[in-house]
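Student: I would like to go through this model term by term. Please give me the cut-off each time.

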Amino acid sequence: MKHYPFILFYLFLNLFIYAFQGTIWVYTFCFILFSAVVVWGSFDIQLGYFVNSFTHKRTRIKEIALTFDDGPTEFTPKFLDLLKEKNLKATFFCIGKQIEKHPETFQRMISEGHLIGNHTYSHSNNTGFLSTQKMIEEIRKCDDAILNVGDIKTNLYRPPFGVTNPNIAKAIRKSHKKSIGWNVRSFDTVMSDEKKILKKITKELKKGSVILLHDTSEKTYTILVELLLFLERENYSTFTIPMIKSKNND
């Protein structure tokens, strides 16, 4: 259920409780349940609670999408070398200030045929608390960096941390972006054990999966090396996000 219909349902439920003279504990339980759903919807991009996000491809073919967040960084060239060696294309969701910091690497991403997405300008830890206007500014500034350094435009956007809310949803719509999520989250910035991360990814992998990785560390590079070997053994091919028809994004 979407956020606003759920609010109407919650209000109707309160009226129903009032009509039958429910106790304060019933109201409290309903409020806690309502709050839990809203928080869950804010942090789980796959639910599409506030905004529809593309999280996987509907396909019968063994194919997956490799996506990388938070670059470009000093580690990104190694990722690009590996992808070039394997003749694979990925989608990079870049931070505006990182683009300005590593312009040559960003230009290389584009020249080697990888797809680019907007990941805000600063990737602020306060993203979930920003106003709609501040979010629009974050998206716009990243768009400016993409255009100024790479001479391209993109309508792909990935919310930092996968967090969404009414302000972010409105900013995405006003910026004419398509929200891109994932259905396989590696947690490569949180977990330290490379083998556990790789096992988590391969265990959750399905046809059409979108994998979230970060081109920000040697650790993830090592994981990517093993992941690509796994994909070869299992006869998986790769796709890039814009190859998906828009009707599959809903």
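Student: In which loop does P72 lie?

Tutor: P72 lies in the loop between β2 (63-69) and α3 (76-86). Helices (H or I, at least four residues) and strands (E, at least two) are DSSP runs, numbered from the N terminus. This is a predicted model: local features need pLDDT of at least 70, side-chain atom pairs count only at pLDDT 80 or more, and totals for chains, interfaces and linings use all residues. Residues are numbered from 1 along each chain as its sequence is written, and side-chain values use heavy atoms, with hydrogens and water left out.

Student: What kind of peptide bond joins G71 and P72?

Tutor: A cis bond, with omega at about -5°. Most peptide bonds are trans.

Student: Why is D70 called buried?

Tutor: Buried means under 20% relative accessible area, exposed over 50%, partly exposed in between (1.4 Å probe, protein chains only). D70 has 17% relative accessibility, so D70 counts as buried. D70 is found in the loop between β2 and α3. Its phi is positive, about 80°, although D70 is not a glycine.

Student: What makes F187 partly exposed?

Tutor: Its relative accessibility is 33%, so F187 counts as partly exposed. F187 also has a positive phi, about 55°, and is not a glycine. Its loop runs between β7 (184-185) and α8 (194-204).

Student: How do you know that the radius of gyration agrees with a compact globule?

Tutor: The radius is taken over C-alpha atoms, and the globule rule is 2.2 Å times the number of residues to the power 0.38. For 250 residues a compact globule would have a radius near 18 Å; the protein chain has 20 Å, so the two agree.

Student: Which residues have the most contacts inside the largest nonpolar core?

Tutor: They are L66, F68, F92, I211, L224 and L227, in a core of 35 residues. A nonpolar core is a set of buried Ala, Val, Leu, Ile, Met, Phe, Trp, Tyr and Cys residues joined through side-chain atoms within 4.5 Å. α9 (218-233) gives the most to this core, with seven residues.

Student: What does F92 touch?

Tutor: Contact means heavy atoms within 4.5 Å. Not counting residues up to four places away in sequence, F92 touches residues including F68, L80, M109 and D215.

Student: How many of the side chains are positive, and how many negative?

Tutor: There are 34 positive and 25 negative. Lys and Arg count as positive and Asp and Glu as negative; His and the chain ends are not counted.

Note on methods
The place of a charge is taken as NZ of Lys, CZ of Arg, CG of Asp or CD of Glu.
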